[in-house]
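Visitor: I would like to learn how to read a model like this one. Please take the features in turn, with the general idea before the case.

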Amino acid sequence: MNRRKLLKSLGLSIGAAVISTEALAKLGDNTYSYTIPPNPEHKPLNKAITAITIGAGSRGTVYGNYASKFPDQIDIVGVAEPNQFRNEKYATQHKIAAENRFNTWEDVFKRPKFADAVIISTPDNLHYAPCMKALAMGYDILLEKPIAPTEKECRDILKLAKKNNRIVAVCHVLRYAPYFVKMRELIQQGAIGDIVSVQHFEPIEHLHMAHSYVRGNWHNSKETTPIILAKSCHDLDIIRWVVGKPSQRIAAMGDLKLFRKENAPQGSTPRCTDGCKVERECPYSAIKHYYEDRRRLAVLDLPADKAKHPEVIMERLKTTNYGRCVYRMENDQPDHYVASIQFADSVTASFSMEAFTSYHGRRTRIMGTMGDMVGDMTELVVNDFRTRKELKLVPKAEDVDGYKNSGHGGGDWLLVKDFVQAVAHQNPKLLTSTIDESIEAHLMGFMAEESRKKGKIMSINMNA
């Protein structure tokens with residue numbers, strides 16, 4: 001029996017693709033759950049790699065928590081964080097020596113190199129400078145997306161990484177989500193024939209939009225990055241990764257419709273805590289969201305003593321942006337955005353990012369010459385035109401603390417696991433999200449923003 005026949009006898013066949021039954025568990029007729037098997041290229045470590053975290057906010061904490069869970073793989077030996085509450089909390093968790101605690105990223109690099117890698121999880125506008133300095137000093141880097149705020153800076157990082165032969169892993173965690181891993185695998189194996197077009201939808205969810213892109217750190221594109229990069233470079237990257245062909249042109253439209261001063265309801269006040277007459281009926285009430293429902297509280301830096309939380313939350317709402325009226329912020333990020341993309345071989349894609357939804361979780365439709373796929377990250381449905389059969393695949397993935405149901409599909413720690421292996425064995429091929437692989441999505445984003453502002457179709461040139 002040849003290998004093809006053996007695989008067919010052991011697995012499910014979809015068009016030209018075969019899925020091994022070893023990774024499947026039957027849930028019902030034509031419905032199976034699956035896991036992604038361990039990377040066979042991973043090798044045992046002689047010792048844990050060491051890393052310095054620059055930026056101990058939510059993303060730095062996610063990657064740091066991996067080190068706490070797997071101390072035999074990665075040891076966090078330093079932290080740079082100007083917020084003293086976060087600095088103290090992070091240093092305590094990782095038992096970081098006092099001399100390795102820094103207020104700013106610049107302070108880290110005043111010392112000779114003292115770790116294998118640097119984790120950069122600072123605000124978007126503080127990615128470029130520390131990344132360039134880390135590369136110059138010989139560190140490998142786990143770099144939160146977006147790579148940098150401008151095309152030139154992204155290209156500078158790529159150039160220096162190549163020159164110094166350093167590893168730069170970009171945190172495009174969706175490439176590690178079992179849902180997208182299986183989707184891409186089936187497409188590459190010919191499950192739906194040749195790919196023709198993609199429709200991809202990112203519903204941000206209205207309260208997430210208000211929290212992050214109206215009140216939050218990314219509310220102003222001039223101070224951070226445009227929302228197409230800050231939020232959706234994940235999506236542009238996953239479209240490119242799934243299509244597997246170079247992008248050529250992009251056209252985009254979008255605007256900020258609701259969250260403007262002229263839309264502030266009569267009787268509203270600068271803060272939800274200022275006696276706003278419409279606060280009780282407003283869907284974006286900070287009092288409801290943070291104080292009553294206790295949602296998205298990590299940004300408020302609450303003390304460990306939960307008895308103090310009510311008082312501290314209200315104090316934060318009276319003194320930080322998180323208590324301000326969503327109609328009276330200095331925000332400029334579009335709350336709806338659409339883009340059309342032309343890839344090589346006549347493949348097209350459409351992307352839509354929408355703030356005003358009651359739900360989140362990416363939705364994707366992929367049309368091929370011999371079948372199609374429809375999915376929402378909880379289930380992938382594959383239809384085969386040739387056999388007229390339908391197969392439902394349900395990914396089994398574990399979201400990490402702080403990012404449960406966040407739309408990352410369990411990819412966060414799988415990315416870190418690959419990064420550890422890549423650094424330990426100095427083999428960037430163990431990563432699917434090196435800067436070489438990830439930079440094209442950023443170029444797509446920069447050109448999308450140019451298109452949106454100029455009303456023109458923009459070319460995407462990787463070799464500029």
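Visitor: Where is R294 found?

Guide: Helices and strands here are DSSP runs (H or I of at least four residues for helices, E of at least two for strands), numbered from the N terminus. R294 is found in the loop between α11 and α12. This is a predicted model, in which local features need pLDDT of at least 70 and side-chain atom pairs count only at pLDDT 80 or more, while totals for chains, interfaces and linings use all residues. Residues are numbered from 1 along each chain as its sequence is written, and side-chain values use heavy atoms, with hydrogens and water left out.

Visitor: Which value does phi take at N30?

Guide: Phi of N30 is near 60 degrees, again positive in a residue other than glycine. N30 sits in the loop between β3 (24–28) and β4 (31–34) and is partly exposed, with a relative accessible area of 45%.

Visitor: Which residues does the cis peptide bond join?

Guide: The cis bond joins K145 and P146, with omega at about -10 degrees. P146 belongs to the loop between β9 (140–143) and α6.

Visitor: How do I read the packing of α6 against α14?

Guide: Start with the axes, which are lines fitted to C-alpha atoms, for helices over the stretch in contact; angles run from 0 to 180 degrees between N-to-C directions. Angles under 35 degrees count as roughly parallel, over 145 as roughly antiparallel, 65 to 115 as roughly perpendicular and the rest as oblique. The axes of α6 (residues 151–163) and α14 come within 10 Å and cross at roughly 170 degrees, so the two helices are roughly antiparallel. Contact means heavy atoms within 4.5 Å. On the α6 side the residues include C154, I157 and L158, and on the α14 side I439, L443 and F446.

Visitor: How many nonpolar, polar and charged residues does the contact of α6 with α14 have?

Guide: Ala, Val, Leu, Ile, Met, Phe, Trp, Tyr, Cys and Pro count as nonpolar, Asp, Glu, Lys and Arg as charged, and the others, Gly among them, as polar. By these classes, the contact of α6 with α14 has eight nonpolar, one polar and four charged residues.

Visitor: At what angle do α5 and α6 pack?

Guide: The angle between α5 (residues 128–136) and α6 is about 10 degrees, and their axes are 10 Å apart. That makes α5 roughly parallel to α6. The contact of α5 with α6 has eight nonpolar, no polar and two charged residues.

Visitor: How many salt bridges does the structure hold?

Guide: A salt bridge is a side-chain nitrogen of Lys or Arg within 4 Å of a carboxyl oxygen of Asp or Glu. The structure holds 28 salt bridges. One of them pairs R175 with E437, at 3.9 Å from N to O. R175 lies in the loop between β10 (168–170) and α7 (178–188) and E437 in helix α14 (residues 435–454), so the pair ties together parts 262 residues apart in sequence. R175 is buried at 3% relative accessible area, while E437 is partly exposed at 44%.

Visitor: Which residues join R362 in a network?

Guide: R362 forms a salt bridge with D235, the closest N and O atoms being 2.6 Å apart. Salt bridges that share partners join E202, K231, D235 and R362 into one network.

Visitor: What is the average pLDDT of the protein chain?

Guide: pLDDT is the predictor's confidence in each residue, from 0 to 100. The chain averages 93, and 94% of the residues score at least 70. Over residues 3–10 the pLDDT is below 50, and this stretch has ten contacts in the model beyond near neighbours in sequence. Residues 402–407 also have pLDDT below 50, with 14 such contacts.

Definitions and conventions
Buried < 20%, exposed > 50% of the residue type's maximum accessible area, 1.4 Å probe, protein only.
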